[in-house]
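Try each task before you read its solution.

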Amino acid sequence: MSASAVFILDVKGKVFSEYFKELEEESIRDNFVIVYELLDELMDFGFPQTTDSKILQEYITQQGNKLETGKSRVPPTVTNAVSWRSEGIKYKKNEVFIDVIESVNLLVNANGSVLLSEIVGTIKLKVFLSGMPELRLGLNDRVLFELTGLSGSKNKSVELEDVKFHQCVRLSRFDNDRTISFIPPDGDFELMSYRLSTQVKPLIWIESVIEKFSHSRVEIMVKAKGQFKKQSVANGVEISVPVPSDADSPRFKTSVGSAKYMPEKNVVIWSIKSFPGGKEYLMRAHFGLPSVEKEEVEGRPPIGVKFEIPYFTVSGIQVRYMKIIEKSGYQALPWVRYITQSGDYQLRTS
Amino acid sequence: MTDSKYFTTNKKGEIFELKAELNNEKKEKRKEAVKKVIAAMTVGKDVSLLWYNFRDCEDPNPLIRALAVRTMGCIRVDKITEYLCEPLRKCLKDEDPYVRKTAAVCVAKLHDINAQMVEDQGFLDSLRDLIADSNPMVVANAVAALSEISESHPNSNLLDLNPQNINKLLTALNECTEWGQIFILDCLSNYNPKDDREAQSICERVTPRLSHANSAVVLSAVKVLMKFLELLPKDSDYYKPEILKQEIKVFFVKYNDPIYVKLEKLDIMIRLASQANIAQVLAELKEYATEVDVDFVRKAVRAIGRCAIKVEQSAERCVSTLLDLIQTKVNYVVQEAIVVIRDSDNPDLRDRGYIYWRLLSTDPVTAKEVVLSEKPLISEETDLIEPTLLDELICHIGSLASVYHKPPNAFVEGSHGIHRKHLPIHHGSTDAGDSPVGTTTATTLEQPQVIPSQGDLLGDLLNLDLGPPVNVPQVSSMQMGAVDLLGGGLDSLVGQSFIPSSVPATFAPSPTPAVVSSGLNDLFELSTGIGMAPGGYVAPKAVWLPAVKAKGLEISGTFTHRQGHIYMEMNFTNKALQHMTDFAIQFNKNRPFYNPDRLTYTTQFSLPNTLYRALHYLKILVPLFEVAVKNNIDVFYFSCLIPLNVLFVEDGKMERQVFLATWKDIPNENELQFQIKECHLNAGE
């Protein structure tokens with residue numbers, strides 16, 4: 001049971017945080033009665049039971065006083081097949097917000113060869129829908145296209161790997177015909193995640209020369225190139241370049257953005273607010289080194305890059321449709337937003 | 001308003017006051033009282049006198065009914081258990097699924113308290129009925145309860161798994177909560193399909209679970225698939241061996257990975273290394289060998305040697321990678337590289353000569369250390385997990401057992417729920433030949449051993465802390481070394497020895513004349529007695545390792561000389577408040593005089609063996625003895641001076657010829673001559 005044990009510890013932490021905002025010894029003492037109630041519902045004899053904090057909040061209420069009215073009943077949701085959504089939810093305006101977020105993980109060797117390049121995507125939903133809506137999400141999934149004969153030169157599709165779904169998604173249905181169908185929980189949740197190992201050109205490419213002249217100085221030259229299409233812009237770009245821990249008297253020169261020395265992390269951070277595709281920028285840094293060399297050997301930390309490119313997915317994944325059907329027949333609006341961001345993005349230095 | 005104040009009251013007669021308050025007319029007072037009771041329970045007070053509310057099981061509110069049955073199941077008092085039967089029976093048939101699912105778990109609780117009663121009262125049948133319940137959560141909890149109960153009846157087919165039941169379970173799988181899915185999957189994994197078609201159809205229905213976001217669900221599904229795939233024909237779609245080989249890049253080490261992740265990744269990389277990816281792997285290993293963390297670097301360099309053995313075609317490539325590393329001139333990299341080259345299966349003499357030449361031109365001191373050092377064992381340990389153990393571990397995928405590579409009974413205390421699944425393991429059936437200490441039975445079955453020979457490692461450990469800065473080849477790491485060679489721990493040793501295994505954490509004495517006396521508490525005294533004649537003067541035991549320095553472990557001891565052997569006697573005293581387990585001990589070899597070729601191994605057990613070996617060489621050493629002791633808490637080091645008297649034979653006699661021969665054996669340069677003047681010897685003095 002221990003995989004679930006570890007998982008449930010995590011879950012418990014989340015549930016408690018949602019109840020008490022901050023999870024610490026003090027808040028547990030202050031709310032010990034609720035903690036007991038929650039533990040009772042979360043686990044029975046070591047078996048995880050109900051762990052959805054939204055559902056728990058329906059019958060384990062924050063204020064003990066409310067319990068006295070005797071209204072507190074177990075919501076049928078707890079034992080329903082749909083244990084993540086209660087009936088009777090109402091919204092004036094029925095809307096769903098879909099966020100497609102792709103993180104790029106990159107590992108590049110000091111000689112410039114790409115060791116690892118992968119895209120980890122997540123689709124997050126914010127659901128404001130009344131009743132018990134049936135949702136169906138259509139993606140340009142290659143397997144689906146092949147199944148339905150949609151694949152052709154016109155329709156670009158992506159090959160998703162390691163697809164993982166929130167428990168609301170009917171897994172056997174997806175396994176059968178790649179349909180992503182579900183009754184969503186209310187509010188925010190992560191619907192699915194996927195991975196693509198197809199190699200793409202690194203979105204921001206870094207070339208660096210770090211020259212260390214012992215006892216005197218370090219000269220750093222960093223060139224950053226946006227290798228994505230010209231219409232897109234990377235925001236909040238931060239390139240962190242390692243410097244020796246005993247370096248001093250920094251001097252910088254940048255063609256765009258600003259550089260800042262962070263002695264506590266032994267890095268120079270070069271920030272560029274907006275970095276359009278196809279552009280190339282340069283940063284030079286100069287540090288002094290003490291004449292007495294320190295004894296311990298230092299590692300060679302990699303250069304790290306952070307960025308965000310809105311309205312764009314590296315994989316080319318697209319939400320083709322989101323069908324929302326509820327028996328009351330209301331009209332609901334799906335909104336989609338795409339963003340690509342840096343994940344674990346490292347370039348080793350020599 | 002906060003509730004923490006309830007923890008502060010601490011009056012006498014509290015229970016009676018509480019009883020009165022619980023019966024107070026005012027609702028507010030009653031509520032206060034209940035909170036006080038719960039607070040009292042939290043800090044461990046016995047408040048069982050206050051419980052008498054069985055009528056709650058009849059409450060119109062299902063929440064209260066379930067709460068009552070859940071709470072009563074947790075009161076482990078026989079009298080109360082008896083009263084529980086009737087309400088429980090009702091709750092198992094309650095109209096509300098919430099009550100039924102809680103009652104199902106209560107049966108498992110009750111079974112834990114009084115198994116006989118559960119059987120007599122027919123609760124097991126009621127549970128089996130619940131498997132057909134209309135509500136998926138009830139089904140899941142009934143399955144969980146039955147599985148739990150059947151753990152203590154390994155042979156009974158409590159769950160009565162048959163194709164119809166299995167079908168119900170597979171249907172419930174699609175409908176119940178994520179946790180329920182885990183119970184069902186775990187239960188499915190214990191089923192034996194009647195033929196490959198049934199196995200395949202179960203696999204087909206379980207496979208979609210691999211896409212679940214809850215990793216525990218995924219692991220349980222993997223477990224089912226792993227077990228059933230065995231039954232499928234090898235050409236079926238499902239059969240995909242070595243699935244991770246494509247994914248080796250995922251295990252490349254990142255700069256900011258914590259060290260334990262780095263080391264683990266390194267192991268996985270070796271496991272996945274093949275001819276197809278060896279170039280990449282070697283390039284990575286070379287990269288790691290230039291990092292700063294010594295443990296990691298050493299392991300990386302050694303990994304290159306392992307690659308050479310594992311992927312034979314790559315041996316030459318590995319050697320040239322190692323040669324490159326020698327150029328780095330980083331001391332420990334060079335040492336490690338040379339040791340690996342010297343002992344890998346590529347004994348091309350020209351190569352070796354070339355390497356030595358290079359080494360000598362780089363660092364003659366290191367060269368000497370390395371070339372003259374003891375030959376370590378380098379094995380490709382990736383497949384060291386014993387097949388039966390592997391089978392057992394597959395049954396525990398998703399639990400810590402599969403992370404530790406140990407069966408659950410090796411690290412879970414108590415008898416509950418840890419009966420062995422699958423075949424029992426045969427201790428000592430593997431790698432006797434490969435083991436660094438000749439005839440040692442494999443005590444580290446559960447953990448693949450990482451190359452080093454035992455002596456070296458601890459020697460190195462000690463050098464880190466105590467010894468002079470000797471350049472010692474092929475050190476793994478402090479952490480790794482200790483874990484690797486001592487990981488099997490005393491438990492496994494005891495398990496194999498003739499010492500009753502009811503005595504925990506005792507050093508197993510060796511059955512040979514070279515009895516090594518060391519142990520815990522009284523047992524120690526017993527074991528020292530075996531086969532020992534009374535000897536000469538024995539100094540009283542001195543404290544070698546004070547408890548304050550070793551987190552509560554005190555070690556005292558002395559040296560004795562009996563029948564031509566030198567013995568070291570130790571008492572271990574636990575002065576801490578916690579249990580100490582998994583003891584292991586190592587002795588430094590007293591390097592400069594050490595001659596490994598003269599070692600003979602006569603004992604069965606690695607631990608006393610090591611001790612014996614160390615003692616064997618005492619006579620030629622400087623009289624400082626360095627020892628490391630590991631237990632579940634930490635590794636401790638201490639050293640003790642060997643009193644000269646133990647070097648003397650008991651009766652003080654020596655044959656004339658022996659004396660002369662010994663005298664002549666002493667090299668001339670060690671002889672000093674000087675005259676003592678004005679010394680008058682009178683008869684009788």
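Of the 685 residues in chain B, 52% count as buried, where buried means under 20% relative accessible area, exposed over 50%, and partly exposed in between (1.4 Å probe, protein chains only). This is a predicted model, in which local features need pLDDT of at least 70, side-chain atom pairs count only at pLDDT 80 or more, and totals for chains, interfaces and linings use all residues. Residues are numbered from 1 along each chain as its sequence is written, chains are lettered from A and ligands numbered from 1 in the order in which they are written, and side-chain values use heavy atoms, with hydrogens and water left out.

## Exercise 1: confidence in chain A

Find where in chain A the pLDDT is below 50.

*Solution.* Start with the average: pLDDT, the predictor's confidence in each residue from 0 to 100, averages 89 over chain A, and 94% of the residues score at least 70. Next, go to residues 64-70 of chain A, where the pLDDT is below 50; this stretch has nine contacts in the model beyond near neighbours in sequence. A contact means heavy atoms within 4.5 Å. Where pLDDT is low, the predicted coordinates should not be read in detail.

## Exercise 2: the build of chain B

How many helices and strands does chain B have?

*Solution.* Count the DSSP runs, numbered from the N terminus: helices are H or I with at least four residues, strands are E with at least two. Chain B has 27 helices and seven strands. Then turn to its contacts: among those between residues at least 6 apart in sequence, 63% join residues at least 24 apart. For one helix in detail, take α20 (residues 387-394) of chain B, where B:Thr388, B:Leu389, B:Glu392, B:Leu393 and B:Ile394 are buried. These buried residues of α20(B) pack against α12 (215-229) and α21 (400-404) of chain B.

## Exercise 3: salt bridges

Which residue forms a salt bridge with A:Arg195, and which one with A:Arg300?

*Solution.* Apply the rule first: a side-chain nitrogen of Lys or Arg lies within 4 Å of a carboxyl oxygen of Asp or Glu. Over all chains, the structure holds 31 salt bridges.

- A:Arg195 pairs with A:Glu118, their closest N and O atoms being 2.9 Å apart. The two sit in distant parts of the chain, A:Arg195 in strand β8 (residues 187-196) and A:Glu118 in strand β4 (residues 114-128) of chain A, 77 residues apart. A:Arg195 is buried at a relative accessible area of 13%, and A:Glu118 is buried at 11%.
- A:Arg300 pairs with B:Glu287, with the closest N and O atoms 3.6 Å apart. A:Arg300 lies in the loop between β15 (280-288) and β16 (303-310) of chain A and B:Glu287 in helix α14 (residues 278-288) of chain B, so this pair joins two chains. A:Arg300 is partly exposed at 29% relative accessible area, whereas B:Glu287 is buried at 15%.

To finish, look for a network: salt bridges link A:Asp40, A:Glu41, A:Asp44, B:Arg70 and B:Lys109.

## Exercise 4: around A:Thr50

Is A:Thr50 buried or exposed?

*Solution.* Locate A:Thr50 in the loop between β2 (47-48) and α4 (53-59) of chain A. A:Thr50 counts as buried because its relative accessibility is 5%. Leaving aside neighbours within four places in sequence, the residues in contact with A:Thr50 include A:Glu41, A:Tyr59, B:Lys101 and B:Met137.

## Exercise 5: aromatic pairs

What is the geometry of the pair A:Phe165 and A:Phe174?

*Solution.* Rings of Phe, Tyr and Trp (its six-membered ring) pair if their centres lie within 6.5 Å; planes under 30 degrees apart count as stacked, over 60 as edge-to-face and the rest as tilted. This rule gives 14 aromatic pairs over all chains. A:Phe165 and A:Phe174 are edge-to-face, at 4.7 Å centre to centre with 65 degrees between the planes. A:Phe165 is buried at 0% relative accessibility, and A:Phe174 is buried at 7%. Another edge-to-face pair is A:Phe307 with A:Tyr345, at 5.3 Å and 90 degrees. A:Phe307 lies in strand β16 and A:Tyr345 in strand β18 (residues 333-347) of chain A, so the pair ties together parts 38 residues apart in sequence. Both A:Phe307 and A:Tyr345 are buried.
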